[in-house]
Amino acid sequence: MDIFADFFGGMGANLALGFSQAVTLDNLFYCFVGVLLGTAIGVLPGLGPIATIALLLPITFKLDPVSALIMLSGIYYGAQYGGSTTAILINLPGETSSVVTAIDGHQMAKKGKAGLALFTSAVGSFFAGTVATFLIVGFAPVLASAALKFSPADYFSLMVMGFVAAVVLAQGSLLKALAMIVLGLLIAMVGPSESGSPRFTFDNPEFFDGFDFVALSMGIFGIGEIIRNLEDETKREAIKSRFLDLIPTKAELKEMIPPILRGTGIGSALGILPGGGAILGAFAAYSLEKRLSKTPQDFGKGKLAGVAGPESANNAGAQVSFIPMLTLGIPSNPVMALMLGALIIHRIVPGPTLVTDRPELFWGVVSSMWIGNFMLLVLNLPLIGMWVKFLTIPYRLLFPGIVTICCIGVYSVSNNPFDVHTMAACGLIGYVLFKLECEPAPLLLGFVIGRLMEQYFTRAMQLSFGDATVFVREPISASLLLVSAIALVLVLLPAIRKKREEAFAE
Amino acid sequence: MIRPIFKFPGANMASTTSKPTSPLAVITAVIGAALIGVLFYLRSIEVGWYVLLALIAAYLVAAFFVLRRDGGFGGVSNPKDFYTGILLLGACGVFAAGLVELPLGRVARPGPGFFPLMLLSLLFIFSIAILINGLRTKGEALTPVPWRGLIIITGMTVFFGATIKGLGFIPAIVVTAFVSCLATRHWTLVSAFATAAILAVFSWAIFIWGLGLPIALCGSWLRALLISLGVAGESIPFCY
C-alpha cells in the first residue's frame with residue numbers, strides 16, 4: 001500500500017510544483033498566445049501541425065525555457081485543433097491523423113452539423129488530454145527511473161525500434177521510408193564529429209556547424225509544401241454554415257460520451273508506442289467504433305461516433321507520446337522530433353535525468369499541457385466563427401506571407417543567411433520527395449536522432465571492447481531488436497509470399 | 001484472405017494500401033541489410049577491409065545474375081521509384097566522396113567515419129532495392145511540375161537570404177513578398193502591392209517591435225548608397 005501512497009502522494013506534489021510553475025500570469029499569457037497563434041496558423045489550409053510548429057518556433061526563442069515550452073505546447077494543441085477544423089470544414093486533412101476525422105467530420109459538416117462536429121472534436125480532445133496528462137504524471141517518472149538502467153546498447157536498439165515502428169505504420173513504400181530514415185541519419189552526420197573534426201563539409205566553412213534543424217524542417221514542410229500546393233490551384237470551398245448549432249442536444253451528448261471514453265483508452269495505449277502515436281490510435285478508434293456500432297453502414301456518412309472516437313484517440317496519443325520524448329529523449333513521431341529539436345535549441349536535453357534534474361521544467365510542461373487543453377476549449381468554441389473566416393482566405397493571398405515568415409523565422413534563429421539558403425535547398429528537396437512519393441517525415445526523424453544514435457552506438461562499442469554481439473546479448477536490447485525484426489517481417493512477408501505465388505503460377 | 005479494416009471513401013484521401021513492391025527488391029534489401037550486419041560483425045572480430053569489400057562485390061555480382069535470370073529489367077515501369085533510386089545513389093556518391101577522408105577507427109574505438117560508413121552502406125542497399133522496384137513494378141507516371149511557382153518561391157527564398165544583410169529587413173521583405181505573389185497565375189498588381197505592404201508592417205510589428213530581433217531595418221548597401229548620394233548623413237535611423 002505504501003507504494004500506492006507514494007505514487008499518488010508524489011503525483012500530487014509533482015502536480016503542485018508543476019502548476020505553481022505554469023500558473024503565473026506570464027506563462028498563462030504565453031500559453032494563451034500559443035494556443036491562439038497555433039490555431040490561427042493551423043487552421044489555414046495547406047499548413048499541417050508540423051509546418052505550424054516550425055513556423056512559430058522562432059518566436060519562442062526569446063523566452064526562458066519553461067515559458068518557451070509552455071508556449072510550444074500551446075502552439076501544438078492549437079495547431080492540432082486547427083488541423084481538425086480544416087479537416088472537418090473543407091475536407092483537407094493537414095496530417096495523417098486528421099484524415100480519419102475528415103471522413104465523417106466533413107460529411108457532418110455537409111449536413112449542416114459542422115458546429116456539432118467541431119464541438120465534439122474540442123470536447124473529446126479536452127477529455128482525452130486530461131486523462132493523458134494524468135497518465136504522464138503517473139508513468140513518466142516510472143519510465144524515467146527504468147530508463148536510468150538502460151545501457152547505451154539498449155538505447156541504440158530502442159531507437160532502431162522507434163524507426164521500425166515509424167516506418168511500419170507509415171503509409172506508402174516501406175523501402176523508401178527506410179531509405180529516408182537512413183538519409184536523415186546521414187544528413188545529421190554533416191558537421192562536427194564527436195572529436196570535433198569536421199565531417200562531410202567539403203572544406204566549406206558554412207557546413208562546419210552542420211545543418212540547422214529549423215531550416216531543414218521549415219524548408220521541407222514550409223517551402224516544399226507551398227510549391228506542392230501551387231501544383232493544384234483549384235479553389236477550395238469552405239462549408240458555409242451557421243454555427244448556432246454548436247451546443248449539442250442531450251441525445252447527441254449521450255451518443256458522443258462512450259466513443260470519447262473508448263477513443264481515449266485506445267489512444268493512450270497506442271500513443272506510448274514509439275512511432276505510432278496519434279496516427280495509429282485514430283485509425284484503431286475509428287475501426288473499433290465501426291465494429292461496435294449497431295449501424296456500421298452509417299460510418300462515412302457523417303456519424304458522430306466517427307468523429308468523437310478518432311479525435312479523442314488522436315489527442316490522447318499525441319499527448320502520451322510526450323512520455324518517451326521527455327523521459328527517453330526519443331521522439332516517437334515528427335511532431336515530437338520538432339519539439340525535441342526546440343528543447344535542444346533551449347539547451348535542454350530530454351532524458352531520464354530531466355525529471356530529477358529539472359523538476360520545475362518537467363512538471364511545469366506537464367501541467368501546462370492540461371492548461372493548454374483547457375484554454376483550447378474555452379478559447380476555440382467561442383471563436384469558431386473567426387477560425388472559419390480564416391479558412392476562407394484564398395491560398396494565393398496566403399503563400400507569400402508563409403514564404404516571408406519562413407524566411408524571417410529561419411534567419412532569426414542565428415542571424416545567418418546560410419540558414420535561409422539551406423531552407424531554400426530543403427524546400428526543393430521536400431518538393432522532389434513529395435513528387436517521388438517519399439515521405440519526408442522519417443527523414444526529419446532520422447535527422448533529429450542521428451547524432452544521439454551515433455553517440456550511443458559508439459559508447460556501446462567502446463563498453464563492449466568492440467564486440468558487436470553486445471546488441472543481441474543484452475536482454476533489453478535483444479528483445480527490442482527482436483520486436484523490430486518481427487514487425488518488419490510481418491510487413492515484408494506479403495511481398496515475398498507474392499513472389500512464391502508468382503513462381504507457382506509459372 | 002484478410003479483409004481490410006476499412007476502406008476510405010473518396011479518392012482524394014490518403015490510401016493505407018501499401019505501394020506495389022517487387023519481391024526481388026525486398027529480398028535485395030533484406031539480404032543486403034543482413035550482409036551489412038554480418039560485415040559489421042566480421043569487422044568487429046577484426047577481419048580485413050579487403051575481405052569485406054570482396055564480399056560486397058560478390059553480393060552485387062550475385063544480385064545482378066539473379067536479376068538477369070529472373071526476367072531482367074523491364075524498362076522504367078515505375079518512374080517514381082526509379083528516380084528515387086537514382087537520386088539516392090547520387091546522394092550515396094556525395095557522402096562517399098566525403099567519407100573517403102574520414103578515419104574509420106577501430107571497432108572498439110569507432111572513429112568519425114565508422115557510423116557514417118554503416119549508414120552509407122545501408123542507404124546504398126536501399127537505393128539499389130528501390131531502383132529494382134522501379135524497374136519491376138508498375139507505377140504512376142510523374143505529374144507536371146509547377147515550374148513558375150517552384151522557381152519563384154525558391155528564388156525568392158535565396159534572394160531573401162542573400163539580401164537581408166545588404167538591403168535590410170523592410171526592403172528584403174517587400175521584394176520577397178511582392179515577387180512571391182507572382183508565383184501563381186491568378187495574381188493582380190493591386191493584391192501583390194497590398195500583400196507586400198501588409199506583410200512588411202505585420203512582420204515589423206511582430207519580429208522587430210514585438211520580439212526585438214536585432215535585424216537592421218535597412219541594410220549596409222542602402223546605407224552606403226544613401227550616404228554617397230548625399231541624401232543622409234552618417235547616422236540614419238534604423239540603419240546599422
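**Exercise 1.** Determine which residue of chain A forms a salt bridge with Lys80(B).

*Solution.* A salt bridge requires a side-chain nitrogen of Lys or Arg within 4 Å of a carboxyl oxygen of Asp or Glu. In this predicted model, the partner of Lys80(B) is Glu437(A), with the closest N and O atoms 3.0 Å apart. The count between chain B and chain A is two salt bridges.

Conventions: residues are numbered from 1 along each chain as its sequence is written, and chains are lettered from A in the order in which they are written. Local features need pLDDT of at least 70, side-chain atom pairs count only at pLDDT 80 or more, totals for chains, interfaces and linings use all residues, and side-chain values use heavy atoms, with hydrogens and water left out.

**Exercise 2.** Describe the extent of the interface of chain B and chain A.

*Solution.* Step one concerns contact (heavy atoms within 4.5 Å): 89 residues of chain B meet 82 residues of chain A. Step two concerns buried area, the accessible area (1.4 Å probe) that two parts lose on being put together, summed over both. The two chains bury about 7400 Å² between them, with 78% of it on carbon and sulfur atoms.

**Exercise 3.** Locate Val131(A) and classify its accessibility.

*Solution.* Val131(A) lies in helix α6 (residues 114–147) of chain A, where helices are DSSP runs (H or I, at least four residues) numbered from the N terminus. Its relative accessibility is 29%, so Val131(A) counts as partly exposed, the class between buried (under 20% relative accessible area) and exposed (over 50%), using a 1.4 Å probe and protein chains only. Gly265(A) is 134 residues from Val131(A) in sequence, yet their C-alpha atoms are 8.9 Å apart.

Definitions and conventions
Helix = DSSP H or I, 4+ residues; strand = E, 2+ residues; numbered from the N terminus.
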